[in-house]
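This report goes through a protein model, starting with its confidence and then turning to selected residues. Please look at the structure below before reading on.

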Amino acid sequence: MGSDWRGSMGKVRSFVGKSMGGLRGGQNLASWLVAGTIAYFLWVKPAQDLKKEQEARALLAVADRNQYVEKRKPIADPQVTGLVYGNKNITDVKPQD
C-alpha cells in the first residue's frame, strides 16, 4: 500500500515534467521568464497604454469642452451615397405658378 501513492505521485511528477517541455531547474525557470516577458510586451503593456491614453483623452475632453475635438471620420448615410436603393433624400421643389 505504501508504494501505491508513491507510484501515482511519480506518474503525476512525470506528467508535469513532460507538459513543461521536459526542462528542469534553471532552464525551466529561464524559459518561463522569457515567455512571461514576451507575453507582457505583446499583450499586457499595450492594453495598459491604451487604457492610459483613453483616460487622458477623457480628462482632456472634460477639462476644456471647446478645445477638444474627436478626430474621427463621420459615417456616411448609405442611402445618400447610393449603397441602399430607395428614396435618396431628394427634395423636388416645384415652382408655383
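## Confidence

pLDDT is the predictor's confidence in each residue, on a scale from 0 to 100. Helices are DSSP runs of H or I with at least four residues, numbered from the N terminus. In the protein chain, helix α2 (residues 26-63) has the highest confidence, at a mean of 90, and helix α3 (residues 78-81) has the lowest, at 64. The mean pLDDT of the protein chain is 77, with 67% of its residues at 70 or more. Where pLDDT is low, the predicted coordinates should not be read in detail.

The model is predicted: local features need pLDDT of at least 70, side-chain atom pairs count only at pLDDT 80 or more, and totals for chains, interfaces and linings use all residues. Residues are numbered from 1 along each chain as its sequence is written, and side-chain values use heavy atoms, with hydrogens and water left out.

## Asparagine 28

Asparagine 28 is part of helix α2. Its relative accessible area is 11%, so asparagine 28 counts as buried (under 20%; exposed is over 50%, partly exposed in between, with a 1.4 Å probe and protein chains only).

## The aromatic pair

One aromatic pair is found in a search of the whole structure. Tyrosine 40 and phenylalanine 41 form this pair, with 5.1 Å centre to centre and 80° between the planes. Ring centres must lie within 6.5 Å to pair, and planes over 60 degrees apart count as edge-to-face, which is the arrangement here. Tyrosine 40 is partly exposed, at 34% relative accessibility.

## Valine 34

Valine 34 also lies in helix α2. Valine 34 is partly exposed, with 48% relative accessibility.

Methods. Helices (H or I, at least four residues) and strands (E, at least two) are DSSP runs, numbered from the N terminus. Rings of Phe, Tyr and Trp (its six-membered ring) pair if their centres lie within 6.5 Å; planes under 30 degrees apart count as stacked, over 60 as edge-to-face and the rest as tilted.
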